[in-house]
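Please read them with the structure open.

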Amino acid sequence: MTIQIGDAIPEVTLKHIHDGVRVIDTPTVFSGKRVVLFAVPGAFTPTCSERHLPGFVEHFEAFRNRGIDVVCIAVNDPFVMQAWGDSVGVPDGLQMLSDGNADFVRALGLEMDATAYGMGTRAKRFALYADDGVVRQLFVEAPGEFKVSSAEHVLAQLD
């Protein structure tokens, strides 16, 4: 079942690099905060690297000026997420989180089977806005599309 507006973010642990590999749980990411989380099928893949992540980098301050944290997640290991963020110039404060075993995207019901491309289970392309750990808006892309989960679209929906 796919997470719905009004549902609580499931409790899952993720990883990131900060003085080594660190574990962070979703309550730490979402509780008491306003958060836009966007998910990509894979770091260093064309649309993800050329459009999706760069859009959130470009509009990062616009989200922060509204008191909204920005989080990127992918089914990649934390080292890949760090290297990808470094290659795109992710600003301090934009969290690059690893869902290496797809636990989070499975818990959301937003995983996809990319085995035909040699990529195994991955995240669908989506974005969500959560307030204090509750989903308030959800933007899930149709396969092969990149429209509703873009930084520009999400930002416009928050007005």
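**Notes on the predicted model**

1. In this predicted model, Trp 84 is in contact (heavy atoms within 4.5 Å) with Val 40, Ala 43, Phe 44, Cys 48, Ser 49, Leu 53, Cys 72 and Met 96, leaving aside its neighbours within four places in sequence.

2. Residues are numbered from 1 along each chain as its sequence is written, and side-chain values use heavy atoms, with hydrogens and water left out. Local features need pLDDT of at least 70 and side-chain atom pairs count only at pLDDT 80 or more, while totals for chains, interfaces and linings use all residues.

3. The largest nonpolar core has 25 residues, and Phe 56, Phe 63 and Trp 84 have the most contacts inside it. A nonpolar core is here a set of buried Ala, Val, Leu, Ile, Met, Phe, Trp, Tyr and Cys residues joined through side-chain atoms within 4.5 Å. Buried means under 20% relative accessible area, exposed over 50%, and partly exposed in between (1.4 Å probe, protein chains only). Elements that give two or more residues to this core include strand S3 (34-40), helix H2 (46-58), strand S4 (68-74) and helix H4 (78-88). S4 gives the most, with four residues. Helices (H or I, at least four residues) and strands (E, at least two) are DSSP runs, numbered from the N terminus.

4. A second, separate core has 24 residues, among them Ile 24, Val 75, Ala 102 and Val 105.

5. The buried residues of H2 are Cys 48, His 52, Leu 53, Gly 55 and Phe 56. The 13 residues of H2 should span 18 Å at 1.5 Å a residue, and its end C-alpha atoms are 17 Å apart, which agrees. The expected span is 1.5 Å times one less than the number of residues.

6. Ser 87 is found in helix H4 and counts as exposed, at 51% relative accessibility.

7. Asp 19 is in the loop between strand S1 (13-17) and strand S2 (21-25) and is exposed at 68%. Asp 132 is in the loop between S8 and strand S9 (134-140) and is partly exposed at 46%.

8. How many salt bridges are there, taking a side-chain nitrogen of Lys or Arg within 4 Å of a carboxyl oxygen of Asp or Glu? The count is one. Glu 145 pairs with Lys 147, the closest N and O atoms being 3.1 Å apart. Glu 145 is partly exposed at 31%, and Lys 147 is exposed at 53%.
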